[in-house]
Amino acid sequence: MSDHEIRMQYSDDGQPNFSNWDAQDIGAVGEYGKRLVWTRLGCTRQRVYRFECSSPRKRDLLDLVTAMQGADG
């Protein structure tokens, strides 16, 4: 894991069992407006997400958006 990553994992059973961590780079110092997107996460009914940031520098979460699509398309 690098010094500047955000890791995400999820649980489909209410939290006891989580997926493996999936990490994405949050960019260099001064790289503003970085957008991270996780795709192809499968389907679920009651998913719980957990995020962890490894960077020692200050960070702010400005927005979190989920886009969901029905099973029929």
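Among contacts in the protein chain between residues at least 6 apart in sequence, those joining residues at least 24 apart make up 57%; a contact here means heavy atoms within 4.5 Å. This is a predicted model, where local features need pLDDT of at least 70, side-chain atom pairs count only at pLDDT 80 or more, and totals for chains, interfaces and linings use all residues. Residues are numbered from 1 along each chain as its sequence is written, and side-chain values use heavy atoms, with hydrogens and water left out.

Next, the secondary structure. The protein chain has 0 helices and 3 strands, and its pattern along the sequence reads β-β-β. Both are DSSP runs numbered from the N terminus: helices are H or I with at least four residues, strands E with at least two.

As for dimensions, the C-alpha atoms occupy a box of roughly 40 × 30 × 15 Å along the principal axes. The chain exposes about 6300 Å², 48% of it supplied by carbon and sulfur atoms; these areas come from the Shrake-Rupley method with a 1.4 Å probe, and for residues only the protein chains shown count as cover. Of the 73 residues, 15% count as buried. Buried means under 20% relative accessible area, exposed over 50%, and partly exposed in between, with a 1.4 Å probe and protein chains only.

The largest pocket has a volume of about 2000 Å³. Of the 43 residues that line it, L36, W38, L61, D63 and L64 are the closest to its centre. On a 1 Å grid over the protein atoms alone, a pocket is an open set of points where a 1.4 Å probe fits, with protein on both sides within 12 Å along at least five of seven lines; lining residues have an atom within 4 Å of a point. Points are joined across faces, edges and corners, and the volume is the space filled by probe spheres set on them.

Which strands each supply at least two residues of that lining? They are β1 (5-11) and β3 (48-53), and β3 gives the largest share, 4 residues.

D63 lies in the segment after β3. D63 counts as exposed because its relative accessible area is 59%. From D63 to Q24 there are 39 residues in sequence and 16 Å in space, C-alpha to C-alpha.

Last, the cysteines. With a disulfide defined as a pair of cysteine sulfur atoms within 2.5 Å, the count is 0. C43 is exposed at 74% relative accessibility, while C53 is partly exposed at 24%.
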